[in-house]
Amino acid sequence: MNILKVSFRSITALLIAALIVQWIVPYPQAKTVQAPASCGSGCIRYDIVVIGSEIQGVLLAREAMKHGLDVVILDPRSKPGGELILGQMHFLDEPNDKNKKSLVQGDIKELFDGFKKGSIRKASEFNKYYEKMIKGIPIKSGVEIQSVKTVAVKGEKSLQSLTYRMNGRSHQVQAGYWVENTDFNALTGKLDAKRIPGIESLYQGSGHDPDHMAATLMLRFKKVDWRKLHQAILNDYPLTNVQKKYGPNTYVDWNIATGLSNIMMKYKPRDPQLVLRGMNTLDQGHGEVIMNALLIYDVDPADKKSVQNAINKGRAEAPYVLEYMRKNIPGFSKAELNGYPEYLYIRDYNRFETEYVMEYEDVKNNRMFWDNVSIGGYSIDLQATTRIPKGIGFGKTDRYGMPLRSFELKSYENVLVTGKNVGASIKAYGTARIMPNTALAAQTMGIILGREMKDKRLKDLTKDDFRRIHAYLKKDYNIVLDK
């Protein structure tokens, strides 16, 4: 009898343990982690190789690994994090539809929810989110791509292998899929791809060299009296009077401040490569703020010297910006500089043709696609260049679809792009470029790769396949892409 009791208790305990394990394992269950396959002496083969550590590619890699794929991130930068961490682009733009409903979905929503609640405002809090997303993903930093090898597959090119140098040694990798996830074309710049015309296409006439929106050195301040800034704007209400006095788009609440361009744009930089625009500024708490306002023209993010030169110029200008704001912006009279980010916020660089290039009409007419991987939104906003010093806008959008084909590099059957590399004409890019739009697309692609690539290549997926894919994205991941 005692033996039966012990056996019954043991069986019960095992059943309970099994149920607990089943409950905590995410769907679908990943295969056992093991070393990636060898493809010969000095060569390693992965399912997916991601070039660069911007948050979009991290989300793609994370989902692919959850679904059992062998993934590695090869990062040409010396440290991971890209714009979000190294560039400290912490003034987040949220896409909304015409009813002001947020369009943020997927794992990037955790970041935006924390941002709105005030729990993710400081650099350390952004770092914690990023570290959570990249945890467990193999990453190699300081990589220099030396060469690529392509082969012909079904009338297209297929990227077979890549050779890179790190710590003085050359290494070779092969992959089923490759992902461009840098802001300077570290991978696609070495492929046979056609550039999508940039902001120079808006000029009168033709024959202009490629042009790109200005970069930003985020400025950090401490000892700012946010209450005083907020109250000063309230004292000038109604809004029509505020905008007449301070400039269009002027708005200040307990979290953010925008506009005040009538004051900000009167500042005269010491260096003609720089300009101060309206103060997109975030209150980080306890007198600390971060501001997206110091623009730097003609930065080439593919040239380390150009990037460092721009950073140096921005840092040299910062004390003069501080002095100007102390005298002219309410709440900044006792402000001090609070350190600098290591990198720039790069808005725009070369983009190359994808299987479908999103057009202005697509985003303005709220077009949905059968192969949606994201639902986007946001105003069509193109920031300043030397030829368009105040930038230019083309109106607001409602929700629109972003197809998988706009993230598949044209003529390559196994190269994907993420983030700022999205296939979009310059007007469409003005809205598509916003982080939540491309982050959702990247995460969705990671899920699709994980669940489909063992049976089908991405370019073989059909409308019927996407009806099925959209159904499981909604059911298993709460990602809605079909409306």
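Good morning. I begin with K459, which is partly exposed, its relative accessible area being 25%. By that term we understand a value between the two other classes, buried being under 20% relative accessible area and exposed over 50%, with a 1.4 Å probe and protein chains only.

What you see is a predicted model, in which local features need pLDDT of at least 70 and side-chain atom pairs count only at pLDDT 80 or more, while totals for chains, interfaces and linings use all residues. Residues are numbered from 1 along each chain as its sequence is written, and side-chain values use heavy atoms, with hydrogens and water left out.

Let me stay with K459. Its side chain meets that of E156 in a salt bridge, at 3.1 Å from N to O. This pair links distant parts of the chain: K459 sits in the loop between α12 (435-452) and α13 (463-477), whereas E156 belongs to strand β6 (residues 156-166), 303 residues apart. E156 is likewise partly exposed, with a relative accessible area of 23%. For a salt bridge, a side-chain nitrogen of Lys or Arg must lie within 4 Å of a carboxyl oxygen of Asp or Glu. Helices (H or I, at least four residues) and strands (E, at least two) are DSSP runs, numbered from the N terminus.

How many salt bridges does a search of the whole structure find? The search returns 32. One of them joins K109 and D113, at 2.9 Å from N to O. Both residues lie in helix α4 (residues 108-117), four residues apart, about one turn of the helix. K109 is partly exposed at 36% relative accessibility, and D113 is partly exposed at 22%.

A further salt bridge connects K410 with E353, where the closest N and O atoms are 3.7 Å apart. K410 lies in the loop between β18 (400-403) and β19 (415-417), and E353 in the loop between β14 (336-337) and α10 (360-364), so the pair ties together parts that are 57 residues apart in sequence.

I turn now to strand β12 (residues 274-285). Of its 12 residues, 12 are buried, so the strand is largely enclosed by the rest of the structure. Strands count as paired if DSSP finds at least two bridges between them. β12 pairs with strand β13 (residues 288-296) in the antiparallel sense over eight bridges, and L274 stands opposite I296 in β13. These two strands form a hairpin with two residues between them, and H286 in the turn has a positive phi of about 55 degrees. Strand β11 (residues 256-258) also runs antiparallel to β12, joined by two bridges; here I256 has L282 as its bridge partner.

Thank you.
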